[in-house]
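Open the model in your viewer and follow the stops below in order. Each one says what to select and what is found there.

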Amino acid sequence: MKTYKYLEVALVIGAIGTGTAVYAQHKTGQYEAGSSGKITQPLAQPLSTDSSYDEGPLLTYRPTLAPGDGRQEVEVYCNTCHSSIYITMQPPLPADTWAAEVTKMRKTFGADFPDEIANKVVRYLQANYTPDTRKH
């Protein structure tokens, strides 16, 4: 029992000592006044006058989805919230992941479509956008 008391006292003294050291470091001028907790940014470098800076055109096209049963449902129901580029820009996902994604869209994000449509969308994505089935 005495050993625990000594350990408690040592921990309290250690915590007080650490807090005092941090406070003393702050007060000795190693930080600017009023700047604790602030992150400073380096000054921006001037842009070169002999270079061209361009981020390219904004993508305004809708990618073509793979042909197949369920494509129309995907274009109608999924495009309500996002463009089809969200489907085509994904890496090929396993079939179970596509099923989980459609469930997430419905349950978490509130995509409103019937179960039979959701099943058709999942089958379409699994038939065209998995590592084994993705053609483009």
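**A tour by selection**

Start by selecting Cys 81: its relative accessibility is 61%, so this residue counts as exposed. The model is predicted, and the values given on this tour are computed from it.

Cys 78 is buried, because its relative accessibility of 14% falls under the 20% limit. Cys 78 takes part in none, and the nearest cysteine sulfur to its own, that of Cys 81, lies 8.6 Å away. A disulfide would need the two sulfur atoms within 2.5 Å.

Move on to helix H2, residues 71-77, and pick Glu 73 within this helix. Is Glu 73 buried or exposed? Its relative accessible area is 17%, so Glu 73 is buried. Now show its surroundings: leaving aside residues up to four places away in sequence, Glu 73 touches Cys 78, Ile 117, Lys 120 and Val 121.

Finally, select the whole protein chain. There are five helices and zero strands, in the order α-α-α-α-α from the N terminus. The chain has 136 residues, of which 18% count as buried. Among its contacts with a separation of 6 or more, 61% are between residues 24 or more positions apart. With the surface displayed, the accessible area is about 11,000 Å², and carbon and sulfur atoms contribute 58% of this.

Key:
Residues numbered from 1 in each chain as written. Predicted model: local features only at pLDDT ≥ 70, side-chain atom pairs only at ≥ 80, totals over all residues. Heavy atoms only, no water. Helix = DSSP H or I, 4+ residues; strand = E, 2+ residues; numbered from the N terminus. Buried < 20%, exposed > 50% of the residue type's maximum accessible area, 1.4 Å probe, protein only. Contact = heavy atoms within 4.5 Å. Areas by Shrake-Rupley, 256 points an atom, 1.4 Å probe, with all protein chains shown as cover.
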